[in-house]
Amino acid sequence: MDNATIEVSGLRKRFGPTVALDGMSFTVQPGRVTGFVGPNGAGKSTTMRVVLGLDTADAGTALVGGRPYRQLRTPLRQVGALLDANAVQPSRSARNHLLWLAHSQGIGRARVDTVLGQVGLAAVARRRAGGFSLGMRQRLGIAAALLGDPPILLLDEPVNGLDPEGVIWIRGLLRSLAAEGRAVLVSSHLMSELQDTADQLVVVGRGRVIADANVTELLAAAARGRVVVRTRAPETARTELLRAGATATVTGPDTLDVAGPSAERVVALLTAGRVPVAEVSAYQASLEEAYLTLTRDAVEFQAGQVAR
Ligand SMILES: Nc1ncnc2c1ncn2[C@@H]1O[C@H](COP(=O)(O)OP(=O)(O)OP(=O)(O)O)[C@@H](O)[C@H]1O
């Protein structure tokens, strides 16, 4: 999609004595889900508010599709955002809330019913939004973000308040929006929420980017070529593998992690040693592990600085 990028460069922002943004810089590319991760207070919401022109930075620039948000003539058609699921008039129905938004941006009524269907709220569209659960308000907020069919989406903690079915639904939705070529920026303070969703991770802490990395490469790096073996004789397997120079750790009653040899070599060694093997597979790192791999260098660097 044209103009589907977010470029954040050198953003600085203070709230009194609090430094919220301390040189925040990153780019969000089209066709991918970019996870924006970091602990509470790291500056994720402030960055999104600056990108959306709701807050002004003390320094730096934030561009959506190459322009500052405030210069966009029909912003909802260019950028969809979910910041606060509670930003709904409680007395309005879901449908009327969306109709009002659509009208303000010259978007047709038909689009309202389309997005209500897309987020699974068609059946409750005429109910007062004030009576909605947090999960339903999240869905309504996402419907509002999708209203202008924008090439760029910013969602602040969209998984918050969703039940397991809702979490699976939003993962699929985010993936399909990215597959259509949109730029999708999703914040979370929980790495696990971004598992199977994010293609790129921008990890932030204390108002700046700690790491910006491709998830596939990150998971491969965290897996370090390890192999998982399932066997009813893990100790025998371990002895056999250690003898061949591998590193092997028993991780459960019938499993061990092996580092060094390839999966094929592990099968060959265990077969030669007559160890019964139920399964040999590549180790799948979790995003949590990848995160720890990624932030370890940054943490060590900071610790080193403190020690000096
Ligand atoms: N309007 C404000 N007034 C004063 N301080 C603020 C304001 N908005 C944010 N801050 C402070 O700026 C810092 C960054 O906050 P921000 O909400 O951007 O972080 P976050 O990463 O989005 O965290 P969370 O996951 O809790 O939303 C925090 O220390 C926060 O307390």
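Which residues is Val184 in contact with, leaving aside its neighbours within four places in sequence? They are Val33, Thr34, Leu153, Leu174, Leu177 and Ala178, where a contact requires C-beta atoms, placed from the backbone, within 7 Å of each other. The structure is a predicted model, in which local features need pLDDT of at least 70 and side-chain atom pairs count only at pLDDT 80 or more, while totals for chains, interfaces and linings use all residues. Residues are numbered from 1 along each chain as its sequence is written.

**Overall architecture**

- The protein chain contains ten helices and 13 strands; helices (H or I, at least four residues) and strands (E, at least two) are DSSP runs, numbered from the N terminus.
- Along the principal axes, the C-alpha atoms of the protein chain fill a box of roughly 75 × 55 × 35 Å.
- Of the 308 residues in the protein chain, 38% are buried; a residue is buried if 20 or more other C-beta atoms lie within 10 Å of its own, exposed if 12 or fewer, and partly exposed in between, with C-beta atoms placed from the backbone.
- Among contacts in the protein chain with a separation of 6 or more, 69% are between residues 24 or more positions apart.

**Domains and annotation**

- The protein chain is divided into domain 1 (6–213) and domain 2 (225–282), with bounds that come from an automatic or database domain assignment.
- The centres of domain 1 and domain 2, taken over C-alpha atoms, are separated by 45 Å.
- An unreviewed UniProt entry carries the annotation "domain: ABC transporter" for residues 6–231; UniProt positions are given in the numbering used here, feature names are shortened, and annotations may be inferred rather than shown by experiment.
- The span of residues 6–231 is 31% helix and 29% strand, and its end C-alpha atoms lie 49 Å apart.

**Nonpolar cores**

- The largest nonpolar core has 73 residues, and Val51, Leu98, Ala143, Leu147, Val184 and Leu185 have the most contacts inside it; such a core is a set of buried Ala, Val, Leu, Ile, Met, Phe, Trp, Tyr and Cys residues joined through C-beta atoms within 7 Å.
- Helix H5 (residues 134–146) gives the most to this core, contributing seven residues.
- A second, separate core has ten residues, among them Val229, Leu256, Val266 and Leu270.

**Ligand shell and helix H1**

- Around the ligand are Phe15, Thr18, Ala20, Gly38, Asn40, Gly41, Ala42, Gly43, Lys44, Ser45, Thr46 and His189, a residue being near a molecule or strand if its C-beta atom, placed from the backbone, lies within 6 Å of it.
- Strand E2 (18–28) and helix H1 (44–51) are the elements that give two or more residues to this shell.
- H1 gives the most to the shell, with three residues.
- The shell comprises three nonpolar, eight polar and one charged residue; Ala, Val, Leu, Ile, Met, Phe, Trp, Tyr, Cys and Pro count as nonpolar, Asp, Glu, Lys and Arg as charged, and the others, Gly among them, as polar.
- H1 is mostly covered, with seven of its eight residues buried, namely Lys44, Thr46, Thr47, Met48, Arg49, Val50 and Val51.
- Gly53, which follows H1, has a positive phi near 70°.

- Most residues other than glycine have a negative phi, and most peptide bonds are trans.
- Asp196 has a positive phi, near 65°, and lies in the loop between strand E7 (183–188) and strand E8 (200–205).
- Asp196 is exposed because 12 other C-beta atoms lie within 10 Å.
- Asp196 and Arg265 are 69 residues apart in sequence, and their C-alpha atoms are 30 Å apart in space.
- Arg274, also not a glycine, has a positive phi of about 55°; Arg274 is placed in the loop between helix H9 (263–272) and strand E13 (279–282).
- Arg274 counts as exposed because it has 9 C-beta neighbours inside 10 Å.

**Thr251 and its surroundings**

- Thr251 lies in strand E11 (residues 247–252) and counts as exposed, with 12 C-beta neighbours inside 10 Å.
- Leaving aside its neighbours within four places in sequence, Thr251 is in contact with Leu256 and Asp257.
- Thr251 and Arg230 are 21 residues apart in sequence and 10.0 Å apart in space, C-alpha to C-alpha.

How values were computed: Contact = placed C-beta atoms within 7 Å.
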